[in-house]
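Biologist: I have a model open and want to learn how to read it. Can you walk me through its features?

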Amino acid sequence: RVLWRGVEVAATTVDINASSTFDVDAAVYYLTVQVNDGAGAPLGLAVVRIEDAVFGLLSASNETGSAGSFVERLPAGTYDLTARWRGVDVGSSASVGLTADKTVTITASVYTLTVKTMKADGSPLPGATVTVRTPAGDVYEVKVTDGNGTAAIRTPGGTYSVSAHYAGTENWSPVDETQSKDSVNVDQSKTVELTFQQVPGNFVGSNLFLFIVIVAVLGLLAVY
């Protein structure tokens, strides 16, 4: 009998009448686990528990790499797989029968939440600080919008609140504004748009524009 990881993986009878070498084929196979997000992109850093489907005992636990996969060597059997990402169970595959090398793909309920910040005229607003919070009010992630005014955040499916804050000077006009949206249901990849009304985006109407107008008027008055 051959035991591996506490499981019998081979049993045979041999006749020994001299020094000999015997090859025994053990029922041990390679299980490749691939975890993808809802859009089909590889999901790294997902922790996958592999449990015996009959007794519920933990057989193995491993973490996906940047390609969203890992390979585990297991005895033949039936297994339940559960994927966990950032502390949340995001996918599973039940009753996986392993009688040969196999690949199992788990599609996780993880999506991309894109936050787009815009000026009053609809043009992109880069440099805004985006905060995504859980229903309990805990900060999930903080990002700054890029040159296109967007911040992409990967989240497990669920409901979140999204806020963005911008402080700066636009055309000599000071700006300190926060925009938010509550109860954003992320059940697929989606985009949330936040418009900052205090950011003019247009040169006309800004403090710099008014300054130039005043200087021009004073100049004309001085001439006449």
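Modeller: We start with the overall form and then turn to single residues. Keep in mind that this is a predicted model.

Biologist: How many helices and strands are in the protein?

Modeller: The protein has one helix and 16 strands.

Biologist: Which share of the residues counts as buried?

Modeller: The cut-off is under 20% relative accessible area. In this protein, 31% of the 224 residues count as buried.

Biologist: What share of the contacts comes from residues 24 or more positions apart?

Modeller: Take the contacts with a separation of 6 or more. Residues 24 or more positions apart account for 54% of them.

Biologist: How many positive and negative side chains are there, and how far apart are the centres of the two sets?

Modeller: There are 14 positive and 22 negative side chains. The centres of the two sets lie 3 Å apart.

Biologist: Now the core. Which residues touch the most other members of the largest nonpolar core?

Modeller: I50 and L81 do, in a core of 42 residues. Look at L81 in detail. Beyond four places in sequence, L81 touches residues including L31, V33, V48, I50, V96, V104 and I106. R49, G91, S92 and S93 are also among the contacts of L81.

Biologist: On to the backbone. Where does L45 lie, and what is its phi?

Modeller: A positive phi in a residue that is not a glycine is a thing to check. L45 has one, at about 65 degrees. L45 lies in the loop between β3 (28-36) and β4 (47-52). L45 is exposed, because its relative accessible area is 59% and exposed means over 50%.

Biologist: What about phi of R86?

Modeller: Phi of R86 is positive too, near 50 degrees, and R86 is not a glycine. R86 sits in the loop between β7 (77-85) and β8 (88-98). At a relative accessible area of 42%, R86 is partly exposed.

Biologist: Which residues does D146 touch outside its sequence neighbourhood?

Modeller: Set aside residues up to four places away, and D146 touches P126 and G127. D146 belongs to the loop between β12 (139-144) and β13 (150-156). With 35% relative accessible area, D146 is partly exposed. D146 and V90 are 56 residues apart in sequence, and their C-alpha atoms are 28 Å apart.

Biologist: Which strand holds Q179, and what does Q179 contact?

Modeller: Q179 is in strand β15 (residues 173-186). Leaving aside neighbours within four places, Q179 is in contact with V162, S163, A164, L194, T195, F196 and Q197. Q179 and T195 are 16 residues apart along the chain, with C-alpha atoms separated by 7.1 Å. Q179 is partly exposed, because its relative accessible area of 23% falls between the cut-offs of 20% and 50%.

Technical notes: Residues are numbered from 1 along each chain as its sequence is written. This is a predicted model: local features need pLDDT of at least 70, side-chain atom pairs count only at pLDDT 80 or more; totals for chains, interfaces and linings use all residues. Side-chain values use heavy atoms; hydrogens and water are left out. Helices (H or I, at least four residues) and strands (E, at least two) are DSSP runs, numbered from the N terminus. Buried means under 20% relative accessible area, exposed over 50%, partly exposed in between (1.4 Å probe, protein chains only). Contact means heavy atoms within 4.5 Å. Lys and Arg count as positive and Asp and Glu as negative; His and the chain ends are not counted. The place of a charge is taken as NZ of Lys, CZ of Arg, CG of Asp or CD of Glu. A nonpolar core is a set of buried Ala, Val, Leu, Ile, Met, Phe, Trp, Tyr and Cys residues joined through side-chain atoms within 4.5 Å.
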